[in-house]
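Student: I have a model open and want to learn how to read it. Where do we begin?

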Amino acid sequence: MAPQITIVDPDAIDKAIKNPFKMEVLFKSKDGAAVDFKSFQAFYGLLKLDITSRLMQEAEKTSTGIKLSNVNVPSGSHRILLRIKDSQNRLAEKQISFKVE
């Protein structure tokens, strides 16, 4: 099974978020495989613009995922596709959508 991607914070991503906000994403591997952090990618919007390097400049890498603090994005609706692989090259994807007031 592919790794699992879980959004921990904000805990109510289905409600409108106010700037600045925090975001925490957890990665959990399965079947004894390790998460390959080097494979992490983040894409923004319908055009899937690669925002990986920009996001990682602001992120704190933890043993279980990434944390972002003081996230400040323009008001409106946003969509981000997250991808990560494990040591067995299994790909996980999670799309998150959120609205900022």
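Tutor: With residue classes. Ala, Val, Leu, Ile, Met, Phe, Trp, Tyr, Cys and Pro count as nonpolar, Asp, Glu, Lys and Arg as charged, and the others, Gly among them, as polar. Keep in mind that this is a predicted model.

Student: How many nonpolar, polar and charged residues are in the lining of the largest pocket?

Tutor: The lining has 11 nonpolar, five polar and two charged residues.

Student: How is empty space found at all?

Tutor: Rolling a probe the size of a water molecule over the atoms shows where empty space is left. In this model, the largest pocket holds about 530 Å³ of space.

Student: Which residues lie nearest the centre of the largest pocket?

Tutor: Ile51, Arg54, Leu55, Val71 and Val73 do, out of 18 lining residues.

Student: Now the fold. How many helices and strands are in the protein?

Tutor: Count one helix and eight strands. Their order along the sequence is β-β-β-β-α-β-β-β-β. The radius of gyration is 13 Å, close to the 13 Å that the globule rule gives for 101 residues, so the protein is as compact as a globular protein of that length. Its C-alpha trace spans about 40 × 25 × 25 Å along the principal axes.

Student: What share of the contacts joins residues 24 or more positions apart?

Tutor: Such pairs account for 61% of the contacts with a separation of 6 or more.

Student: And the surface?

Tutor: The accessible surface comes to about 6,500 Å², and 48% of that belongs to carbon and sulfur atoms. Buried residues make up 38% of the 101 residues.

Student: Take one residue. Is Thr62 buried or exposed?

Tutor: Apply the cut-off: buried means under 20% relative accessible area. Thr62 has 18% relative accessibility, so Thr62 counts as buried. Thr62 lies in the loop between β5 (60-61) and β6. Not counting residues up to four places away in sequence, Thr62 touches Phe37 and Lys67.

Student: Where is Thr6 found?

Tutor: Thr6 sits in strand β1 (residues 4-9). Its relative accessible area is 32%, so Thr6 is partly exposed. Leaving aside neighbours within four places in sequence, Thr6 is in contact with Glu24, Val25 and Leu26.

Student: How far apart are Thr6 and Ile96 in sequence and in space?

Tutor: They are 90 residues apart in sequence and 10.0 Å apart in space, C-alpha to C-alpha.

Definitions and conventions
Residues numbered from 1 in each chain as written. Predicted model: local features only at pLDDT ≥ 70, side-chain atom pairs only at ≥ 80, totals over all residues. Heavy atoms only, no water. 1 Å grid on protein atoms, 1.4 Å probe; cavity = no way out; pocket = protein on both sides within 12 Å on 5 of 7 lines; lining within 4 Å. Points joined across faces, edges and corners; volume = space filled by probe spheres on them. Helix = DSSP H or I, 4+ residues; strand = E, 2+ residues; numbered from the N terminus. Buried < 20%, exposed > 50% of the residue type's maximum accessible area, 1.4 Å probe, protein only. Contact = heavy atoms within 4.5 Å. Rg over C-alpha atoms; globule rule 2.2 N^0.38 Å. Areas by Shrake-Rupley, 256 points an atom, 1.4 Å probe, with all protein chains shown as cover.
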